[in-house]
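Grab a pencil and work through these exercises with the model open beside you.

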Amino acid sequence: MLPWVVRRTRLPLLSLRCADCRSESATTGDGRFRVNANGKLLDVWLLVRCTSCDRTGKLSVHERAPVRSLDPAELRGYRDNDPELVASRLLDPLLARRNRFTLDWTGAWRLDTPPEWHGEPWPVQVEVAFADPVPVRPERLIAQGLGLSRTEALRRIKCGIPLRRPTSTGFTFTVMPAG
């Protein structure tokens, strides 16, 4: 079985309408949090920037959270703008739902495949794993990985999941010989 891995190359853009220019794309840039203390309560925001007008906005991560309710390591990560914490918060579906944005993964991922697999006996089985929750359509991913057109890929692939519906969970498929 050949291993394929889908990896994030950068943080995705956010589909989020700008209040100033009405553009629908924002970025987290270098990834910064803003932590504001109000007595024993904390507000934590993830700062985002419009890709068109450079206006800074904020996504609410925690609102009026008691200081003691946050893990000390997490709080330190917010203060230090930890890149892994930025990524985990940005990829959190609850944060996206609460702040009404979606992620635009265009150009933010790559497919790692073995360098040489043509010596494998037919049919070839491939296992696809996702290092990050990148939603991709399996037919496009397979066509890209095999260097085939999507039509040809659909004709030669046997798979137990819908190939035209985006997924971000691992799956396996079988490549049948051309003919």
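**Exercise 1.** Is Asn-81 buried or exposed?

*Solution.* Keep in mind that this is a predicted model. Start with the accessible area: for Asn-81 the relative value is 16%. The cut-off for buried is under 20%, so Asn-81 counts as buried. Next, find its place: Asn-81 sits in the loop between α1 and α2 (83–90). Finally, check the backbone. Most residues other than glycine have a negative phi. Asn-81, though not a glycine, has a positive phi of about 55°.

**Exercise 2.** In which loop is Asp-54 placed?

*Solution.* Look between β4 (41–50) and β5 (56–66), and you'll find Asp-54 in that loop. Then look at its backbone angle: phi of Asp-54 is near 70°, a positive value in a residue other than glycine.

**Exercise 3.** Work out how the rings of Trp-4 and Phe-173 are arranged.

*Solution.* To describe a pair of aromatic rings, you need the distance of the centres and the angle of the planes. Here the centres of Trp-4 and Phe-173 are 5.3 Å apart and the planes are at 70°, so this is an edge-to-face pair. Now trace the chain: Trp-4 belongs to strand β1 (residues 2–8) and Phe-173 to strand β10 (residues 171–175), so to speak two distant parts, 169 residues apart, linked by the pair. Both Trp-4 and Phe-173 are buried; for Trp-4 the relative accessibility is 2%.

**Exercise 4.** How many aromatic pairs does a search of the whole structure find?

*Solution.* The search finds three. One of them was in the previous exercise. Another joins Phe-33 and Tyr-78, edge-to-face, with 4.8 Å centre to centre and 75° between the planes. This pair also links distant parts of the chain: Phe-33 is in strand β3 (residues 26–38), Tyr-78 is in helix α1 (residues 72–80), and they are 45 residues apart. Phe-33 and Tyr-78 are both buried.

While you're looking at rings, turn to Trp-45: the charged end of Lys-58 sits over its ring, 4.0 Å from the centre.

**Exercise 5.** Which residues line the largest pocket?

*Solution.* Begin with the volume of this pocket, about 220 Å³. Its lining consists of Trp-105, Thr-106, Trp-109, Pro-135, Val-136, Arg-137, Arg-140, Leu-141, Gln-144 and Pro-166. Sort them by type and you get six nonpolar, two polar and two charged residues. Then ask what gives the most to the lining: helix α4 (residues 138–146) does, with three residues.

Notes:
Residues are numbered from 1 along each chain as its sequence is written. This is a predicted model: local features need pLDDT of at least 70, side-chain atom pairs count only at pLDDT 80 or more; totals for chains, interfaces and linings use all residues. Side-chain values use heavy atoms; hydrogens and water are left out. Rings of Phe, Tyr and Trp (its six-membered ring) pair if their centres lie within 6.5 Å; planes under 30 degrees apart count as stacked, over 60 as edge-to-face and the rest as tilted. Helices (H or I, at least four residues) and strands (E, at least two) are DSSP runs, numbered from the N terminus. Buried means under 20% relative accessible area, exposed over 50%, partly exposed in between (1.4 Å probe, protein chains only). A charge sits over a ring if NZ of Lys or CZ of Arg is within 6 Å of the ring centre and within 35 degrees of the ring normal. On a 1 Å grid over the protein atoms alone, a cavity is a set of points where a 1.4 Å probe fits but cannot get out, and a pocket is an open set with protein on both sides within 12 Å along at least five of seven lines; lining residues have an atom within 4 Å of a point. Grid points are joined across faces, edges and corners, and a volume is the space filled by probe spheres set on the points. Ala, Val, Leu, Ile, Met, Phe, Trp, Tyr, Cys and Pro count as nonpolar, Asp, Glu, Lys and Arg as charged, and the others, Gly among them, as polar.
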